[in-house]
Number of protein chains: 2
Amino acid sequence: MKIRSFAFLAVAMVVAALSINTSAQTADEKALQKADQDWLKVFAAEDLKKSVDFVLADGSMLAPNAPIATGHDAVGKLVAGFFALPSLKMKWTPERTQIAKSGDMGVTSGTYEMAFGGPGGITINDKGKYVTVWKKTGGVWKVWLDIFNSDLAAFGN
Amino acid sequence: MKIRSFAFLAVAMVVAALSINTSAQTADEKALQKADQDWLKVFAAEDLKKSVDFVLADGSMLAPNAPIATGHDAVGKLVAGFFALPSLKMKWTPERTQIAKSGDMGVTSGTYEMAFGGPGGITINDKGKYVTVWKKTGGVWKVWLDIFNSDLAAFGN
């Protein structure tokens, strides 16, 4: 009986240790998650310059229904296209954050919700998911690749 | 005149050095690019088991017009849906390959071309882009996140 209790306790301790390990975020992961949400803040405020400055000079946005936009000019045009949508509301939530052991590359991934005004005063709602690949340069996380797509069925299907 | 020639030569040397630098791939990058294309091979052969085995147990496919598929069961259902498309032809080409300094995380990104049979014997062509985030476990590159979207305008637009 004592051996059994001990075995149970050992298992419980391992389970507890594992759950601590998976739920605890490193300081680096928190910083990257903050960068992800800081980018959202300037995007939601429709600050074009600050939104583009989050992206590396050789970084790309891979938006649906458009070719790859690489570099600040192309990314700026793409983001300006978003900001031109009437009554745009954008929100994204990182659900997974992972950083390479070397700390030079990281990924945030999660879901987004978006709404904007369509023709005739209707509101068009969209939701989907994204992956953002970040690189750390000079101690700052910058976007190297950003890609997203909708969960919803393609229009007309 | 001599100074001008020298300046020209210097610029030419810098350009040559840059082009060598960008074209040279490390052995690790080549291995990751090979993993990317090995995955394509089993996908193009419509080998469901091998296609799913490339993905980590907690890995996800983030396909357009569908929720995130996480884990082998969900990923298997998604991939089986692709393989059910008549006369499927799939090709993707990694144009950018990057590995963290620690060698535990890497990314391939590029373009895809896809064709399948639609109603009435027509062929539906699609092209787009993708980002795949890989993790190295036990010396083998496995897919953690795979996401893609079409360059083409949404249907009905």
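**Reading salt bridges and a helix face**

A:D28 has a relative accessible area of 35% and is partly exposed.

Q: Which residue does A:D28 meet in a salt bridge?
A: A salt bridge is counted when a side-chain nitrogen of Lys or Arg is within 4 Å of a carboxyl oxygen of Asp or Glu. In this predicted model, A:D28 pairs with A:K136, at 4.0 Å from N to O. A:D28 belongs to helix α2 and A:K136 to strand β5 of chain A, so the pair ties together parts 108 residues apart in sequence. A:K136 is partly exposed too, at 30% relative accessibility.

Q: How many salt bridges are there over all chains?
A: The count is nine. One of them links A:K49 and A:D53, whose closest N and O atoms are 2.6 Å apart. Both residues lie in helix α3 of chain A, four residues apart, about one turn of the helix. A:K49 is exposed at 60%, while A:D53 is partly exposed at 29%.

Q: Where in chain B do B:D53 and B:K49 lie?
A: They are in helix α3 (residues 48–53), four residues apart, or about one helical turn. Salt bridges with shared partners also join A:K34, A:D38 and A:K41 into one network.

Q: Which residues of α4(B) are buried?
A: Buried means under 20% relative accessible area. In α4(B) this applies to B:V75, B:G76, B:L78, B:V79, B:F82 and B:F83. Their arc around the axis is only 165 degrees, which puts them on the same side of α4(B). B:D73 and B:K77, on the other side, are exposed.

Technical notes. Residues numbered from 1 in each chain as written. Chains lettered and ligands numbered in written order. Predicted model: local features only at pLDDT ≥ 70, side-chain atom pairs only at ≥ 80, totals over all residues. Heavy atoms only, no water. Buried < 20%, exposed > 50% of the residue type's maximum accessible area, 1.4 Å probe, protein only. Helix = DSSP H or I, 4+ residues; strand = E, 2+ residues; numbered from the N terminus. Arc of directions from axis to C-beta.
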